[in-house]
Amino acid sequence: MGKLLEFLVNKKNKVFLVTCLYVHVTSLLFYAYYDAPYLAITNAISSMMYVILLITDKAGSDRNIMIAFIEIIFFSVTCEMLTVGTYGFIFYPLGMVAVIFHLVSTTKAKRALLQLLAIIGTFVIYGVNITGFIPIKSIANDLSEFQAFIVASNLVVTVSTMVYVSFLYMAEQEKNKALLEYNINHDQLTGLYNRRFFYTAIETIRKSTRLFSLAMVDLDNFKRINDTYGHECGDEVLKALSEIFTESLDENDIAVRWGGEEFILFMPGIDEKEAGGRLEHMLEKIRVCEVKFEDKTVTFTATIGLASCDDPLKYEQVINEADQNLYYGKNNGKNRIVTHIPK
């Protein structure tokens with residue numbers, strides 16, 4: 001269901017065009033079978049038009065949807081004039097007034113113009129219905145035998161389209177909400193959590209656990225990597241390091257980009273010894289990691305300051321201790337884990 005929803009949202013324009021084509025093809029067959037040649041020809045022309053629109057449709061472009069919108073208005077007016085009586089073609093332009101808001105993301109002026117066109121089409125059809133004036137009466141078809149069926153079919157198609165578009169709107173709202181929440185809580189470059197999420201998570205975690213370990217990680221000689229290979233290469237190194245974090249940590253652990261090339265790894269429920277073993281294994285992965293950038297291979301190392309505590313209320317104190325351990329490691333060889341500063 002999730003994949004279907006994603007498909008319907010991402011391919012909404014193409015789904016709309018395919019639906020229109022299906023309606024026209026089935027209408028063509030119906031009118032051809034019941035000897036309404038001009039209505040059949042109208043649907044045949046529209047069907048060929050939608051085939052072209054589908055072939056030329058481009059992702060992110062509203063052009064073909066706007067053309068389809070105009071076609072629907074003229075098709076509705078034409079069909080109403082090709083029938084003797086009221087057959088519910090007025091539902092289409094009425095429905096399009098609402099549909100255009102979601103399917104077309106063009107300028108407000110163009111959208112307003114399209115809606116005005118739909119309103120005009122609606123009143124033209126309404127005028128034909130109440131006056132009985134049919135300018136092409138000589139070729140109009142009397143389908144009164146099928147009037148109830150045609151009206152119901154046109155109503156069902158219109159309502160179904162409006163329900164579908166409303167569903168898409170709600171789905172996209174949920175998708176945008178999830179994306180917004182993701183962007184609020186994650187670093188855009190690495191995909192790791194950011195400081196905001198860390199402080200929020202700490203407040204939640206400390207209610208359920210006491211013991212925790214926290215590591216401050218800093219890339220060694222990162223400025224030299226940027227100066228030598230460029231900032232794009234530096235970004236790739238940060239991404240590679242972040243992937244190692246993700247692969248190495250447990251599902252309850254939290255990896256945070258603290259700032260620049262500095263990271264925090266928060267590991268609830270484990271002591272310093274267990275955390276140290278996990279981090280040593282991770283450091284080995286970092287040492288053998290190679291980043292391919294253009295025609296170059298870049299290697300890197302990291303220094304880690306580790307601290308543990310059994311009181312979540314003291315997390316800021318633990319951050320400071322881990323930071324001091326990191327600072328000591330950076331000034332005493334780098335590429336290592338420091339848990340205590342020798343006295």
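Buried means under 20% relative accessible area, exposed means over 50%, and partly exposed lies in between, as computed with a 1.4 Å probe on protein chains only. The model shown is predicted: local features need pLDDT of at least 70, side-chain atom pairs count only at pLDDT 80 or more, and totals for chains, interfaces and linings use all residues. Residues are numbered from 1 along each chain as its sequence is written, and side-chain values use heavy atoms, with hydrogens and water left out.

**View 1. Phe91 in helix α5.** Phe91 lies in helix α5, residues 91-103; helices (H or I, at least four residues) and strands (E, at least two) are DSSP runs numbered from the N terminus. Because its relative accessibility is 23%, Phe91 counts as partly exposed. Apart from residues up to four places away in sequence, Phe91 touches Val151, Asn154, Leu155 and Thr158, where contact means heavy atoms within 4.5 Å. Between Phe91 and Ala171 there are 80 residues in sequence and 25 Å in space, C-alpha to C-alpha.

**View 2. Thr122 in helix α6.** Helix α6 spans residues 108-131 and contains Thr122. Thr122 counts as buried because its relative accessibility is 9%. When neighbours within four places in sequence are left aside, Thr122 is in contact with Ile90, Pro93 and Leu94.

**View 3. Packing of helices α4 and α6.** Two packed helices are described by the angle between their axes and the distance between the axes. Helix α4 (residues 63-81) packs with α6 at an angle of about 10°, and their axes are 9 Å apart. Axes are lines fitted to C-alpha atoms, for helices over the stretch in contact, and angles run from 0 to 180 degrees between N-to-C directions. The helices α4 and α6 are therefore roughly parallel to each other; angles under 35 degrees count as roughly parallel, over 145 as roughly antiparallel, 65 to 115 as roughly perpendicular and the rest as oblique. Residues of α4 in the contact include Met66, Phe69, Ile70 and Ile73, and those of α6 include Leu114, Leu117, Ala118 and Gly121. By class, this contact of α4 with α6 has 12 nonpolar, 4 polar and 2 charged residues. Ala, Val, Leu, Ile, Met, Phe, Trp, Tyr, Cys and Pro count as nonpolar, Asp, Glu, Lys and Arg as charged, and the others, Gly among them, as polar.

**View 4. Packing of helices α2 and α3.** Helix α2 (residues 12-33) and helix α3 (residues 37-56) pack at about 155°, with 8 Å between their axes. This makes α2 roughly antiparallel to α3. Among the residues in the contact are Leu17, Leu21 and Leu28 of α2 and Ala40, Ala44 and Val51 of α3. The residues of this contact of α2 with α3 divide into 15 nonpolar, 5 polar and 1 charged.

View 5. An open sheet is formed by 5 strands in the order β2-β3-β1-β6-β7, with mixed pairing; two strands pair if DSSP finds at least two bridges between them. The edge strands, each pairing on one side only, are β2 (254-259) and β7 (337-338). Strand β6 (residues 302-309) and β7 run parallel and are joined by 2 bridges, and Ile304 has Ile337 of β7 as its bridge partner. Helix α8 (residues 195-205) packs on the sheet and touches β1 (212-219), β2 and β3 (262-268), its direction making about 140° with that of β2. Helix α11 (residues 272-288) also packs on the sheet, where it touches β1, β3, β6 and β7, and its direction makes about 165° with that of β6.

**View 6. Strand β3 and its partners.** Strand β3 is mostly covered, with 7 of its 7 residues buried. Glu262, Ile264, Phe266 and Pro268 point one way from β3, whereas Phe263, Leu265 and Met267 point the other way. Strands β1 and β3 run antiparallel and are joined by 7 bridges; Phe212 has Pro268 of β3 as its bridge partner. The antiparallel pairing of β2 and β3 extends over 5 bridges, with Phe266 of β3 as the bridge partner of Ile254. The hairpin of β2 and β3 has 2 residues between the strands, and in it Gly260 takes a positive phi near 60°.

**View 7. The hairpin of β4 and β5.** Strand β4 (residues 290-293) and strand β5 (residues 296-299) run antiparallel, joined by 4 bridges. Val298 of β5 is the bridge partner of Val291. With 2 residues between its strands, this hairpin of β4 and β5 has Glu294 at a positive phi near 55°.
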